[in-house]
Amino acid sequence: MRGVSVREASVKGASARDVSARGGGRRPRAGGIALNAAAAAVLVVMIFPVYWMFATAFKPTAEIQAETPGLWPAHPTLEHFATAVGADGFWTFWRNSLLVTGAAVLLALVVALLSAFAVARMRWRGRGAFIVMVFAAQMAPWEALLVPMFIIARDTDLLDSLAMLTGVYFMVTLPFTIVTLRGFLAAIPAEVEEAALVDGCTRPAAFRRVVFPLLAPGLMATSLFGFITAWNEFAFVNVLIIKDQDKRTLPVWLSSFRDVFGTDWGATMAAATLFALPVLVLFLFLQRRVGAGMIAGAVKG
């Protein structure tokens with residue numbers, strides 16, 4: 001009987017521990033629900049302006065100017081998109097944005113890849129100072145560069161030049177690209193490259209055959225963020241492109257939908273939607289590699 005009592009007591013004790021464990025797990029679950037609710041609220045606040053832009057682009061003018069506009073178009077129309085596409089300079093500005101942004105990001109990736117490899121893999125005098133300079137350049141506000149860039153462009157006869165605009169975008173995106181690629185390269189074990197060298201590869205061949213494929217997600221993520229940075233830039237275009245309006249880019253084009261009655265909000269929202277499409281398509285195309293690249297870059301600094 002005594003043995004049975006001990007056994008029953010042990011069973012009851014185990015049951016009590018299970019109940020207490022289950023009860024103790026309620027608090028973390030409640031905390032997780034509250035955290036998810038807060039995250040959902042932040043997501044709604046962040047997404048709503050984008051949704052409003054898309055919805056307004058499809059609303060007729062009467063619905064846009066209504067005293068209480070609805071959350072979605074009651075009578076969807078493509079009139080504003082036709083106005084945006086038919087506006088003067090649409091295709092010219094579109095070409096300019098793609099040309100300048102693509103060239104700047106490509107140049108930044110090439111230069112930053114070489115610089116990041118030297119910083120992450122090699123030990124040389126002045127390496128620490130170079131890293132500090134790159135971080136300082138990344139933290140500097142772009143507005144502080146407007147006047148120096150204008151003076152340089154004026155003195156070198158590069159005002160109203162897409163080449164100057166490309167160089168400025170390259171300079172703006174380069175520090176971020178170096179810092180980001182350095183993190184991705186540092187996350188790749190050096191032993192992988194050393195094994196390729198032992199197997200007979202030269203250092204360029206080892207980098208091309210071993211390191212570069214592992215670095216591809218990081219390159220995709222870095223190029224996407226660099227593309228977004230250059231694609232959305234507005235201030236330098238206004239400062240460096242003065243007389244030749246055909247050299248301007250899409251962000252400036254967005255401010256052109258005005259008439260004697262004020263801003264054409266329908267056409268402006270349609271133009272903003274068209275402006276956002278390349279970045280959205282690029283992100284959807286690269287989303288898997290971007291996610292993998294962000295995780296890889298966060299492993300080691």
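The model is predicted, so to speak of local features calls for pLDDT of at least 70 and side-chain atom pairs count only at pLDDT 80 or more, while totals for chains, interfaces and linings use all residues. Residues are numbered from 1 along the chain as its sequence is written, and side-chain values use heavy atoms, leaving out hydrogens and water.

Let's start with the overall fold. The chain has 13 helices and two strands, taken as DSSP runs (helices H or I, at least four residues; strands E, at least two) numbered from the N terminus. Of its 301 residues, 35% count as buried, meaning under 20% relative accessible area with a 1.4 Å probe, protein chains only.

An unreviewed UniProt entry annotates "transmembrane region" at residues 33-54, 98-118, 130-153, 168-189, 210-231 and 265-286; such annotations may be inferred rather than shown by experiment. Here are two of these segments:

Now to the interior. A nonpolar core is a set of buried Ala, Val, Leu, Ile, Met, Phe, Trp, Tyr and Cys residues joined through side-chain atoms within 4.5 Å. The largest one holds 39 residues, and Leu181, Leu185, Leu215, Leu250 and Trp253 touch the most other members. Helix 5 (90-121) is among the helices that each supply at least two residues, and helix 5 gives the most, with eleven. Apart from this core lies another of 17 residues, including Leu146 and Phe236.

Key: Buried means under 20% relative accessible area, exposed over 50%, partly exposed in between (1.4 Å probe, protein chains only).
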